[in-house]
Amino acid sequence: MDLTERPDFEFDVFSKACPSRGTLEHVTGRWGALTLGALYEGSFRFNELRRRVDGVSEKMLSQTLHALERDGLVHREAQPTNPPRVDYELTPLGRQVAERLLSLIHFVQGNMDDILGARERYDTARGGR
């Protein structure tokens with residue numbers, strides 16, 4: 001959608017027609033959140049980022065980076081060297097999003113004892129898993 005096609009309504013992520021829903025999916029999906037969190041640490045080359053986001057496949061990381069770049073959250077810079085060098089870093093908007101995600105990530109990590117206890121109680125109450 002170009003700027004002349006901007007919808008004539010306020011953005012509402014709860015509406016299935018709202019384009020903000022796609023961005024929310026890119027940001028809050030497993031690989032999007034982890035990629036943004038990792039890039040908050042600084043600029044990474046593709047393979048460095050892949051190692052930092054343990055478990056992501058090359059294909060998924062590539063798709064994630066493309067989506068985040070399209071949304072204006074990640075900047076991709078290709079260096080005209082031989083072999084080519086490509087660096088990824090957060091844009092100012094991406095930094096703001098990553099700060100909010102990291103707050104949630106740190107909250108979850110800090111409460112894992114309670115979460116694991118809740119899981120155990122749930123599984124026990126339902127006959128184990």
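The following legends describe close-up views of a predicted model. Local features require pLDDT of at least 70 and side-chain atom pairs count only at pLDDT 80 or more, whereas totals for chains, interfaces and linings use all residues. Residues are numbered from 1 along each chain as its sequence is written, and side-chain values use heavy atoms, with hydrogens and water left out.

**View 1. Salt bridge between arginine 52 and glutamate 41.** The closest N and O atoms of this pair are 2.7 Å apart; a salt bridge is a side-chain nitrogen of Lys or Arg within 4 Å of a carboxyl oxygen of Asp or Glu. Helices (H or I, at least four residues) and strands (E, at least two) are DSSP runs, numbered from the N terminus. Arginine 52 is partly exposed, at 45% relative accessibility; buried means under 20% relative accessible area, exposed over 50%, and partly exposed in between (1.4 Å probe, protein chains only).

**View 2. Salt bridge between glutamate 58 and arginine 50.** Here the closest N and O atoms are 3.5 Å apart. Glutamate 58 is partly exposed, with a relative accessible area of 47%, and arginine 50 is also partly exposed, at 32%. The whole structure holds three salt bridges.

**View 3. Salt bridge between aspartate 87 and arginine 85.** The N to O distance is 3.0 Å. Aspartate 87 is buried, with a relative accessible area of 11%, whereas arginine 85 is partly exposed at 34%.

**View 4. Surroundings of proline 84.** Proline 84 is placed in the loop between strand E2 (74-79) and strand E3 (85-90). Its relative accessibility is 62%, so proline 84 counts as exposed. Neighbours within four places in sequence being left aside, proline 84 is in contact with Arg45 and Gln79, where contact means heavy atoms within 4.5 Å.

**View 5. Lining of the second largest pocket.** Among the lining residues are Leu34, Glu41, Arg52, Asp54, Ile105 and His106. Helix H2 (30-39) and helix H5 (92-110) each supply at least two residues of this lining. On a 1 Å grid over the protein atoms alone, a pocket is an open set of points where a 1.4 Å probe fits, with protein on both sides within 12 Å along at least five of seven lines; lining residues have an atom within 4 Å of a point.
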